Amino acid sequence: MAEKLSISDRDAAIAKLNGWELVEGRDAIARAFQFANFSEAFAFMTRAALKAEAMDHHPEWFNVWNKVDVTLSTHDAGGLTELDMELAAFMDGLAG
């Protein structure tokens with residue numbers, strides 16, 4: 001099982017990401033992605049889903065047309081872990 005990051009490690013990892021912010025009231029990060037259309041948003045979700053499945057680490061997300069809102073936290077660890085940071089960085093790369 002992944003271990004929860006310390007506050008200093010968490011803050012340092014978030015600083016390396018693009019547009020991710022802490023979620024108020026929980027140890028999680030979130031980002032809103034916006035694409036040109038539904039097809040691009042769905043393609044992003046599909047590629048992210050393949051990575052998430054390979055990691056056995058699944059995001060909380062919500063999609064409407066060209067927008068995808070993502071929240072990451074490792075439920076088994078009770079907060080943010082390196083898994084969340086890895087998946088967030090991967091999603092950043094997909095979004096460009």
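## Trp65 between S3 and S4

Trp65 sits in the loop between S3 and strand S4 (67-72). In this model, which is predicted, Trp65 has a positive phi of about 45°, although Trp65 is not a glycine. Trp65 counts as exposed, with a relative accessibility of 52%, because exposed is the term for values over 50%.

## Asp56 between H2 and S3

A positive phi, of about 55°, is also found at Asp56, which is not a glycine. Asp56 belongs to the loop between H2 and strand S3 (60-64), and with a relative accessible area of 60% Asp56 is exposed.

## Packing of H2 against H3

Two packed helices are described by the angle between their axes and by the distance between the axes. For helix H2 (residues 38-55) and helix H3 (residues 82-95), the axes come within 10 Å and cross at roughly 155°. Angles over 145 degrees count as roughly antiparallel, and H2 and H3 are therefore roughly antiparallel to each other. The crossing in which H2 passes H3 is right-handed.

On the H2 side, the residues that meet H3 are Phe44, Arg47, Ala48, Lys51, Ala52 and Met55; on the H3 side, Leu83, Glu86, Leu87, Phe90, Met91, Leu94 and Ala95 meet H2. Classed by residue type, the contact of H2 with H3 comprises ten nonpolar residues and three charged ones, with no polar residue.

Note on methods: Residues are numbered from 1 along each chain as its sequence is written. This is a predicted model: local features need pLDDT of at least 70, side-chain atom pairs count only at pLDDT 80 or more; totals for chains, interfaces and linings use all residues. Side-chain values use heavy atoms; hydrogens and water are left out. Axes are lines fitted to C-alpha atoms, for helices over the stretch in contact, and angles run from 0 to 180 degrees between N-to-C directions. Helices (H or I, at least four residues) and strands (E, at least two) are DSSP runs, numbered from the N terminus. Angles under 35 degrees count as roughly parallel, over 145 as roughly antiparallel, 65 to 115 as roughly perpendicular and the rest as oblique. A crossing is left-handed if the near helix is turned anticlockwise from the far one by less than a right angle, and right-handed if clockwise. Contact means heavy atoms within 4.5 Å. Ala, Val, Leu, Ile, Met, Phe, Trp, Tyr, Cys and Pro count as nonpolar, Asp, Glu, Lys and Arg as charged, and the others, Gly among them, as polar. Buried means under 20% relative accessible area, exposed over 50%, partly exposed in between (1.4 Å probe, protein chains only).
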